[in-house]
Amino acid sequence: MKGNWIFICLAALLGVLFALEGKWIFLGLAILLFLFLRLVRKFSAKMMLITVFIFILFLGRTELTERLEQTLFTGEEKAFFILFEEPPKIDGNYFTTYGKDEGTKETFVLQYRLSTIEEKEAFEQISVGTVCKVKGNLAQPEPSRNPNAFDYKEYLRHEHISWILEVENINLNQCEEKRNLLAYLQKIRQNGIQYIYAHFPQNTAPFAAALIFGDRNLIEPDLMTAYQRLGIVHLIALSGLNVAMLIGILFYTGLRLHITREKMVYALMAFLPIYIILTGGAPSVIRACLMMLFALVLTKFSRKKLMPVDILSIVFVGYVFIDPHIIYNVGFQLSFVVTYALILSASILEKYVLKPVPFLIATSIISQIASMPILLYHFFEFSIVSFLVNLVYVPLFSVVITPVLMIMYFLHLLIGDLLNPLLHFFDFNLRLIHQLTLYLSKFPLNTLVLGRPSNFVLILYCVGIPYFFFRWEKARTIKQIVVAVIIPISLLTLHLLTIKLDVSGEVMIIDVGQGDSILIQLPMNKGTYLIDTGGTLQFSTEEWMERADPFEVGKDVVVPYLKSKGITKLDKLILTHGDMDHVGGAKAVLQSLKVEEVVLPKVEEPSELEIEILELCDEKKIPIHFAIRGDTWTAGGYRFAVLSPSNTVHVEKNDQSIVLYAEIAKLKWLFTGDLEEEGERKLLANYPKLKVDVLKVGHHGSKTSTTESLLDQLEPKVALISARENNRFGHPHGDVLARLEERNIRVYRTDENGAITFQFRGEQGTFLTHFHMIKRNPN
């Protein structure tokens, strides 16, 4: 079996994927694997039986898991006894945590809106292992409403969670603490995190909590984004390096205290499973601890020696057997893929082992190239400066920041506030590092946004990257290394070309809730236009209620979707009018993408938000065009025309909306913003012969829009409505729906259908809805 466990690992993975995805391609890949092992690797009949057995075993294990984990709740239940499984997360007035129902042992996500600061302080004291009586309503998690968006429902399914418990009441006076080893260890972790936030300075505390206990909840969102943009976010997550460092510190300390080497090995073997719990059980920590534990056990109890790749594969097989759904966890994917890449590239790294800087560069390149497909699939972008930045930050974190934080934490437990002068000196220097990180992250071209790779491109990555490592390993000259480097560059270029030279186009109503945002993407990158950006109403609140990173539809919905499509530039950002639900996300779009021109209506008194947008455009030197009736342009053979407003500004804001006419794929389109009855009347008067095929219904289906006279003249065949599910305005209004139904107009609604997409190629096109696509492809 020496050196062959990686093939057992592949058989197990394909068995799990076949069970969870239900796609026959994984069975086909398994058959190809078996043929390769038999014909090329010359596996014996016994080894072939073991490999096939592993495939069937993991297929059956996963199927059994799926059947046994069906929820036992109907959704009508109101009262529960909940065991709190992790420290509560409180952000402003929003409380959330995981809890397990004591009767069924089924895990829920608990959510609660805190009403007073006193209640917030009380809820902060809830400790892990506490059992409380909770009253509330069960709700099913929401699926994603846009393509490529984070799917919370699917995420919770992989976490074995079927329900969100919307809490109405928790009587904290009647809670009881459950006493067992797991709860005790989890409470130690919670107390450790609380100790850090109580005694460590502002800049140091979040990083100490992250690098000692694996809690990154209170790292500032802007700083976290900066680390992500620079490709060094892995440095503020617990990893194998942290595990090795801590074990090294403990082992050395034990020897200095005259504890025998043998006893220290036993102590570390007992400590490693405990450390997994103390750090929150991140996949990277579990992987590193299990590998080290397995190596210690082999050293102590067996004369057999296993290769590192075999140890890693055995850990993978055991981990996935316990929880097959873990393969969908991004941290799990990155941890195992990067570790495999580093282990299998040992012969490459040996070339540079005596040269610290080249060795660090080679390690960084291997890690970044190996993780590239995963990062592009989940986050749509790839840092192109991470190779350089890691040269500075990896030694800084591995040699200075991480060990110093660990040592200072333990010292503070011993000597308390006597350590404060050293802590504040460290905090000052850490603040300088934070400022440097934020500064570097703002440089243009830090990241390469390529969008989510297609299945074909993903396969090319999976084949091309191992081939790159193979060519690098065989390279003996600089020229051969350069030739090898062309492989990943070619993969990225091909990925970019599939995005930029796509012969199909689309018109998409992005589901932004109660608002509008419409993307028009012409074939072959001939034109990319965004009409409105949605927006999130922000209500004034007390300081204690403010969230660290509040949801904002431009930042959290529109920009991620555009990046998932590989869009980094908008030829026009058309803001139909100044209402928050149409332009609230504009600042996030302007800050994240290159915008060639912003198109606005001319108004007499611009709102505060419109003024901010104009100032941001001026700061970024983005041209602004105030649209009026008669403006036209063509791109790639597609025609666009502004039909409203006129050059007068003395009209109601909604009727001052930009109305855009377009001819796309032999269909005539009309995008009406929030145009209401008076604006519609003027539109019809100015264009008495106007006919359209597709109408974007005005004002989200308000009863003051989409009048009978408009529908009778335009004679649309399809109506598109953008509105939030169960919105408080009652959009779309029943009268509007009745008018559309009377005329046999096909209606697509974001509140019922999710995002609405018209995909076209040449003169042919098809309407698709996101929820329909989910049903067609449930996995």
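The axes of helix 11 (residues 283–301) and helix 13 (residues 330–344) come within 8 Å, crossing at roughly 45°. Helix 11 is therefore oblique to helix 13. The model is predicted.

**Helix 11 with helix 13**
- On the side of helix 11, the contact is made by Pro283, Ser284, Arg287 and Met291.
- Helix 13 contributes Gly331, Phe332, Ser335, Phe336, Thr339 and Ile343.
- This contact of helix 11 with helix 13 comprises five nonpolar, four polar and one charged residues.

**Helix 18 with helix 19**
- Helix 18 (residues 455–474) and helix 19 (residues 478–500) have axes that come within 8 Å and cross at roughly 170°.
- Because of that angle, helix 18 is roughly antiparallel to helix 19.
- Residues of helix 18 in the contact include Leu460, Tyr461, Phe468 and Trp472, while those of helix 19 include Ile487, Pro488, Leu491 and His495.
- By class, the contact of helix 18 with helix 19 holds 16 nonpolar, four polar and two charged residues.

**Cavities**
- Two cavities of 30 Å³ or more are found in the whole structure.
- The largest cavity has a volume of about 50 Å³, and among the residues lining it are Asp516, Asp532, Ile574, Phe671, Thr672 and Lys696.
- Six nonpolar, three polar and three charged residues make up the lining of the largest cavity.
- The lining of the second largest cavity consists of four nonpolar, three polar and one charged residues.

Note on methods: Residues are numbered from 1 along each chain as its sequence is written. This is a predicted model: local features need pLDDT of at least 70, side-chain atom pairs count only at pLDDT 80 or more; totals for chains, interfaces and linings use all residues. Side-chain values use heavy atoms; hydrogens and water are left out. Axes are lines fitted to C-alpha atoms, for helices over the stretch in contact, and angles run from 0 to 180 degrees between N-to-C directions. Helices (H or I, at least four residues) and strands (E, at least two) are DSSP runs, numbered from the N terminus. Angles under 35 degrees count as roughly parallel, over 145 as roughly antiparallel, 65 to 115 as roughly perpendicular and the rest as oblique. Contact means heavy atoms within 4.5 Å. Ala, Val, Leu, Ile, Met, Phe, Trp, Tyr, Cys and Pro count as nonpolar, Asp, Glu, Lys and Arg as charged, and the others, Gly among them, as polar. On a 1 Å grid over the protein atoms alone, a cavity is a set of points where a 1.4 Å probe fits but cannot get out, and a pocket is an open set with protein on both sides within 12 Å along at least five of seven lines; lining residues have an atom within 4 Å of a point. Grid points are joined across faces, edges and corners, and a volume is the space filled by probe spheres set on the points.
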